[in-house]
Amino acid sequence: MPPRLPALQRLGTVNLCLRQAAKPSADLLPTTQTASLSTREKKRLAKQDPYRWAQAQQRKNAHLQRRGQIERERNATWGDPIWGKTTPFLQSLDSAGQSRFSEVSRDAEGNPLATPVELPTTPGLRAHSVTDEELAEVTKQAYQLTKPVVGVITSQVSGTEETQRKEHDRRHAAAVQAMQRITSLANGGAKDRRHANVARLIDEFGRHKTDKFLKPKPSASEQLPAPQPPRAGPDTGSSEVQIALLTAKIRALGLALKENRGYKDKINQRNLRLLVHRRQKLLKYMERKERGSERWTHMLEKLGLTPATWKGEITI
């Protein structure tokens with residue numbers, strides 16, 4: 001039986017247009033294979049032309065080696081997204097600016113294995129938000145308040161007033177020594193060091209201080225900036241101060257997670273991620289506003305911040 005040919009349903013289905021046909025759409029074009037070769041295809045190519053296959057593998061290995069070298073150089077330049085670069089100012093945060101030299105590892109005999117680095121210090125800070133001036137003023141006032149009062153009859157006895165004065169001086173000296181030990185940051189905890197570091201960071205990066213010696217970013221317009229009202233107190237809300245405070249918190253929390261089985265502390269690991277990403281947002285904002293200014297470079301040099309702390313995706 002002859003094969004059946006499909007007949008036209010109607011004449012409208014026949015295209016009688018003599019215009020040039022349009023170019024085929026991209027969906028009808030043959031797709032190019034971009035996936036990696038299978039093992040069977042690699043074996044076939046290697047068997048078909050071994051010399052050409054060896055040259056291709058040599059070019060591939062050279063390319064991978066060069067790419068790895070570029071990635072290592074970029075990682076060394078960018079630094080760590082959490083720690084950045086270690087600077088003397090960052091190391092001074094561990095002791096709240098009370099140690100003159102950095103701590104180094106020592107051998108069994110107590111000899112240092114590296115040369116300690118000189119750190120910037122901030123004398124005058126004490127625990128419980130007390131300074132040396134306040135402590136000296138309080139002890140001076142306490143000396144006058146606790147001074148013994150000599151009566152009329154007691155003053156007639158020879159040597160009694162001198163004995164009471166010496167005893168008062170001895171007790172006052174012991175009380176002053178006790179107060180110095182209580183308010184010493186060396187004997188304080190992490191909370192005392194954090195409060196002292198907050199005062200140091202505000203004094204270091206606050207615009208009430210940096211505006212006196214750091215030049216602002218040049219304005220794009222020729223108009224002079226509007227005069228700002230005088231500050232009512234220390235600057236605590238600018239971006240650089242907030243970034244510095246977050247950096248101090250990140251360093252303290254990161255050091256705590258490195259010891260005492262911190263790899264099991266999932267809650268503080270999450271808190272560390274939140275602090276790092278919050279700092280990243282502030283750094284991106286400040287980069288748009290202050291990049292190229294002395295305020296931006298001063299913050300990066302002091303805190304050891306690298307492009308890895310605000311560029312790219314941060315994974316911890």
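Start by selecting Glu 290 and Arg 295: their side chains meet in a salt bridge, 3.3 Å from N to O. A salt bridge here is a side-chain nitrogen of Lys or Arg within 4 Å of a carboxyl oxygen of Asp or Glu. The model is predicted, so local features need pLDDT of at least 70 and side-chain atom pairs count only at pLDDT 80 or more, while totals for chains, interfaces and linings use all residues. Residues are numbered from 1 along each chain as its sequence is written, and side-chain values use heavy atoms, leaving out hydrogens and water.

Now colour by accessibility. Glu 290 is buried, at 13% relative accessible area, and Arg 295 is buried too, at 7%.

Next, pick Arg 251 and Asp 94. Their salt bridge has its closest N and O atoms 3.1 Å apart, and it links distant parts of the chain, 157 residues apart. Is Arg 251 buried or exposed? Arg 251 is buried, at 13%, whereas Asp 94 is partly exposed, at 36%.

Finally, visit Ser 129, in the loop between strand 1 (125-126) and strand 2 (130-131). (Strands are DSSP runs of E, at least two residues; helices are runs of H or I, at least four; both are numbered from the N terminus.) Ser 129 is exposed, at 59%, and has a positive phi near 55°.

Key:
Buried means under 20% relative accessible area, exposed over 50%, partly exposed in between (1.4 Å probe, protein chains only).
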